[in-house]
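Here are some notes to read beside the model.

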Amino acid sequence: MPSLSSLVERASPLGTFDGTPPDKLPAENGLHVWRAAVAMPFFTFIFVALRFYTRTYILRAKKYTIDDYIVALTMLVLIAYSVLMAIATYNGMGLHIWQYDAELNSRYYLWIGITSEFYCLGLCGFKSALILMYIQLFGVYKRFRWACYATLFFCVSYLFCNMMTEFFGCHPIAKKWQPGLEGQCINSTAAATFYGACSMFSDFVIAILPLTMIWKLQVATRGQKIGLSLVLSCGFIAWAVAVARWGIAVFNMVGTDDRPWWAGVSFTLSILEIHTGLICACVATLGPLWKMAYAHVKDWTGWSNSTKVATWPSFVRKPGNTQSSDGTKKPSRPSGYWARRDGGGGGYGIPAGRANRIESYNDTTLNSSCDDEYGLLDMSDWRPTASREDRSQRSVEDV
């Protein structure tokens, strides 16, 4: 077990680097960092675009919610972070310790400090987006709402402290990347270990928060609860990446002298972590898109063991008192996303996911006073089996 003095010594580089940098950068683990930094923004942007497509063209949302704006801003932060990480690979990130000289070592720690600020902003963005989405969905339950507020406050607080520690961790500030200057630095090893543990803890709490509500829904079957759990708790993926990154980071700080090389592994995982987190925040809002795509696939392939309940797409206004071809009157109140709001004077123009539904939750209700902005709590789109009338009608149509 390393002594406290060795930890303090490793917290700030000594500046005794007499190696020879490679002729071409990036090199070593810097190549993996560069590839992840270039590829991940494109992949993440696809999910962000699908989120806004779903909100705008499928749900026909009249206005965006605060988490939508946070997702958009976080996407910009992640692009900036990825660009800065790619630039950092041209300044020594991922090399072995014996490949550094004093000048390259100074540039390396300067870019570490710059990228770390954007990393904290990216973490804050996707964590806040997920928590605010939970409040939108289940916020009518008071204890759950306050649990979300407490988690949000914890995330914003520790990430703000992390940013301040990273920026003001040395006095003077330039000593962070110029170790020869007179002054002192805090124990960055202890600080990084603490903030990494806070990040893992918050990711785990965010992932399990919706489970406490989903499995107490009275209107959902077991299969529907499992589906909602998988969609809303995909934050476990970000948590798993955060655990792996934290483990590598701790080993890098206390278990090896070749810190820049192992830092390349850690920063590769940090890129995956924040991009995965934002993807999870978007996937959780794509339920209506998946259902629409699933319905189209079943229509195209003709493979179906279920019958769609009489509903209307969000972009179609249902005329009143429509008669079917066999004279049977269709339901005047379609179920699911497109349910008619009582007292409305404009027909069936309520967008998908904004119907004012009431769902039982023990002695309270879910969304009795709030709209389901994401169309996730709809449980009535598909029936497990076709009725006799439906089967006979389809057989007549096939003839």
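1. Contact means heavy atoms within 4.5 Å. Residues 306-370 also stay under 50, with 141 such contacts. Where pLDDT is low, the predicted coordinates should not be read in detail.

2. Ground rules. This is a predicted model, in which local features need pLDDT of at least 70 and side-chain atom pairs count only at pLDDT 80 or more, while totals for chains, interfaces and linings use all residues. Residues are numbered from 1 along each chain as its sequence is written, and side-chain values use heavy atoms, with hydrogens and water left out.

3. Overall confidence. The protein chain has a mean pLDDT of 75, and 70% of its residues reach 70 or more. Confidence is lowest in helix 1 (residues 4-10), at a mean of 38. It is highest in helix 3 (residues 66-88), at 95. Helices (H or I, at least four residues) and strands (E, at least two) are DSSP runs, numbered from the N terminus.

4. Two buried residues. Threonine 89 lies in the loop between helix 3 and helix 4. Its relative accessibility is 0%, so threonine 89 counts as buried. The scale runs as follows: buried is under 20% relative accessible area, exposed over 50%, partly exposed in between (1.4 Å probe, protein chains only). Not counting residues up to four places away in sequence, threonine 89 touches Leu25, Pro26, Gly30, Val33 and Trp34. Leucine 104 is in helix 4, and at 2% leucine 104 is buried too.

5. Backbone points to check. Histidine 171 and proline 172 are joined by a cis peptide bond, with omega about 0°. Proline 172 sits in the loop between strand 1 (170-171) and strand 2 (184-185). Arginine 60 is not a glycine, yet has a positive phi of about 55°. Arginine 60 belongs to the loop between helix 2 (30-58) and helix 3, and is partly exposed at 40%.

6. Aromatic rings. How many aromatic pairs are there? The count is 18. Rings of Phe, Tyr and Trp (its six-membered ring) pair if their centres lie within 6.5 Å; planes under 30 degrees apart count as stacked, over 60 as edge-to-face and the rest as tilted. Phenylalanine 154 and phenylalanine 201 have ring centres 5.8 Å apart and planes at 85°, so this pair is edge-to-face. Phenylalanine 154 lies in helix 5 (residues 142-168) and phenylalanine 201 in helix 6, so the pair ties together parts 47 residues apart in sequence. Phenylalanine 154 is partly exposed, at 29%, and phenylalanine 201 is partly exposed, at 49%. Elsewhere, Phe52, Tyr64 and Tyr69 form one aromatic cluster.

7. A cavity between helices. The second largest cavity is lined by Phe126, Leu130, Asp203, Ile206, Ala207, Gly235, Ala238 and Trp239. Helix 4 (102-138), helix 6 (188-208) and helix 9 (235-254) each supply at least two of the lining residues. A cavity is a set of points, on a 1 Å grid over the protein atoms alone, where a 1.4 Å probe fits but cannot get out; lining residues have an atom within 4 Å of a point.

Conventions: On a 1 Å grid over the protein atoms alone, a cavity is a set of points where a 1.4 Å probe fits but cannot get out, and a pocket is an open set with protein on both sides within 12 Å along at least five of seven lines; lining residues have an atom within 4 Å of a point. pLDDT is the predictor's confidence in each residue, from 0 to 100.
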